[in-house]
Amino acid sequence: METQAGDPGAFAHFDLSRVDSPAFVVDAAKIRQNLEILADIKKRSGVKILSAMKAFSMWELAPLISEALDGCCTSGLWEARLAKDKYSGEISTYCAAFKDADMVEIVQISDHIIFNTPKQHQRFKHILEENVDVGLRINPLHSEGEVEKYDPCQPHSRLGFPIDQLKPEHLKGIDGLHFHTLCEQGFIPLERTWNAIESQLDIDYNQLKWLNFGGGHHITRDDYDRESLVEFLIKVQSKTGSQIYLEPGEAIALDAGILVGEILDIFDNGMKVGITDISATCHMPDVIEAPYRPAMLDESENSDFIRLGGQSCLAGDIIGDYRVSAPQEIGRRIAFLDQAHYSMVKTNTFNGVPLPSIWLWDSETDELRCIKSFDWHNFRDRLS
């Protein structure tokens with residue numbers, strides 16, 4: 001299991017006892033820092049950047065995001081509604097397949113509607129309005145993903161129309177092309193993907209208004225080659241005459257949040273085992289799905305390993321083996337790094353495990369507020 005990189009940043013000095021447990025804590029100052037980087041890329045390259053709500057939709061921070069970026073990309077009706085209600089700017093909506101019952105409202109809300117196949121476009125063509133741009137997602141058939149289940153170009157992928165099947169008639173009524181092939185990656189994989197697309201795409205770019213390069217761009221990571229990205233984006237826009245869009249999700253909230261928990265019990269089963277009120281399956285499902293080992297705040301090289309897992313009945317509800325610094329005892333607070341993106345949006349109440357509360361902290365002012373808390377009614381009222 002690969003260990004996730006994590007930068008504690010200002011959380012290295014955060015007192016974990018200031019919040020209840022379990023709890024997500026998001027640093028508004030780090031969000032601002034990430035947005036400043038993205039805004040600089042926008043300014044220098046001339047591209048438009050949309051916030052991917054599937055990764056981070058904590059709308060308490062919508063004013064910050066809306067001020068820095070050009071809008072939101074959404075994955076269906078509910079995200080589009082949230083973008084319309086709480087954010088400003090453009091709304092671009094893509095779904096692998098749209099439902100009849102949703103489309104009228106999606107058309108009313110969205111500036112761009114991106115279809116997964118030409119067949120979907122033809123199916124809903126009759127209700128599209130003139131002021132809505134229509135896009136088609138393509139599958140470049142060029143894989144850059146390191147984990148197959150997160151790779152949109154995996155064999156027999158359901159995401160995007162295979163580029164080798166694209167015909168001129170499929171582009172009739174299409175304003176833009178969309179592709180999304182990356183996951184937590186740097187600049188070079190994007191450049192390789194575009195080169196692969198160019199070698200296969202035989203079209204007149206004058207018939208397109210825009211090209212959407214999707215998400216997966218870790219632009220705010222310290223080692224991202226942002227200078228090469230800017231040069232590349234300027235070059236592509238100049239060559240194609242198209243407006244370029246990027247849709248980062250993780251980059252907005254990268255290293256901006258932690259998940260705080262507490263050790264509830266410790267026993268020995270050939271090694272120390274610790275039960276926590278953080279559940280991998282309920283609070284960090286990517287730990288099991290990827291899988292990956294989230295980085296821990298203040299892990300010590302001088303301590304013995306302890307296997308940490310959740311309260312659920314799932315045998316595989318294991319977060320990982322960690323060198324928890326002393327004291328390794330019941331009541332000990334712990335925190336996992338870089339949990340603002342994806343973890344927050346994927347939480348669930350399997351086994352009746354409580355949802356973490358959500359706190360907003362500003363590391364520059366030390367202001368701390370509880371934004372959202374949950375009780376058992378959230379579990380009770382979900383299925384009946």
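Student: How many bridges join β2 to strand β18, and do the two run parallel or antiparallel?

Tutor: The model is a predicted one. In it, β2 and β18 (residues 357–362) run parallel and are joined by 5 bridges.

Student: Which way does β2 run relative to strand β12, parallel or antiparallel?

Tutor: Antiparallel: β2 and β12 (residues 257–268) are joined by 4 bridges. V26 takes part here too, with G257 as its bridge partner in β12.

Student: How should I read the side chains of a strand such as β2?

Tutor: In a regular strand, side chains alternate between the two faces of the sheet. In β2, A23, V25 and D27 point one way, while F24 and V26 point the other way. Residues on both sides of β2 are buried. Since 5 of the 5 residues of β2 (residues 23–27) are buried, the strand is largely enclosed by the rest of the structure.

Student: Now the helices. At what angle do α6 and α7 cross?

Tutor: Two packed helices are described by the angle between their axes and the distance between the axes. For α6 (residues 187–200) and α7 (residues 226–240), the axes come within 10 Å and cross at roughly 20 degrees. That angle makes α6 roughly parallel to α7. The crossing of α6 past α7 is left-handed.

Student: Which residues of α6 and α7 meet?

Tutor: From α6 they are F187, L190, E191, W194 and E198; from α7 they are S228, L229, F232, V236, K239 and T240. By class, this contact has 6 nonpolar, 2 polar and 3 charged residues.

Student: How does α1 pack against α7?

Tutor: The axes of α1 (residues 28–45) and α7 are 9 Å apart, at an angle of about 40 degrees. α1 passes α7 in a right-handed crossing. On the α1 side the contact is made by I37, I41, R44 and S45, and on the α7 side by R226, E227, L229, V230, L233, I234 and Q237. These residues divide into 6 nonpolar, 2 polar and 3 charged.

Student: What is the arrangement of α3 and α4?

Tutor: The axes of α3 (residues 77–86) and α4 (residues 100–109) come within 10 Å and cross at roughly 30 degrees. The cut-off for roughly parallel is an angle under 35 degrees, and α3 is accordingly roughly parallel to α4. Their crossing is left-handed. L77, A80, R81 and K84 in α3 meet D102, E105, I106 and I109 in α4. By class, the contact has 4 nonpolar, no polar and 4 charged residues.

Student: Turning to the backbone, which peptide bond next to P291 is cis?

Tutor: The bond from A290 to P291, with omega near -15 degrees. P291 lies in the loop between α10 (286–289) and β14 (292–293). Another cis peptide bond joins A326 and P327, where omega is about 5 degrees. P327 is in the loop between β16 (318–322) and β17 (333–337).

Student: What is the phi of L141, and is L141 exposed or partly exposed?

Tutor: Phi of L141 is positive, about 55 degrees, although L141 is not a glycine. L141 sits in the loop between β7 (133–139) and β8 (161–162). Its relative accessibility is 44%, so L141 counts as partly exposed.

Student: Where is N351 found, and what is its phi?

Tutor: N351 is in the loop between α11 (343–346) and β18. Its phi is near 70 degrees, a positive value in a residue other than glycine. N351 counts as partly exposed because its relative accessibility is 42%.

Notes. Residues numbered from 1 in each chain as written. Predicted model: local features only at pLDDT ≥ 70, side-chain atom pairs only at ≥ 80, totals over all residues. Heavy atoms only, no water. Axes fitted to C-alpha atoms, helices over the stretch in contact; angles between N-to-C directions. Parallel < 35°, antiparallel > 145°, perpendicular 65-115°, else oblique. Left-handed = near helix turned anticlockwise from the far one by under 90°. Contact = heavy atoms within 4.5 Å. Nonpolar A, V, L, I, M, F, W, Y, C, P; charged D, E, K, R; others polar. Buried < 20%, exposed > 50% of the residue type's maximum accessible area, 1.4 Å probe, protein only. Pairing = 2+ DSSP bridges.
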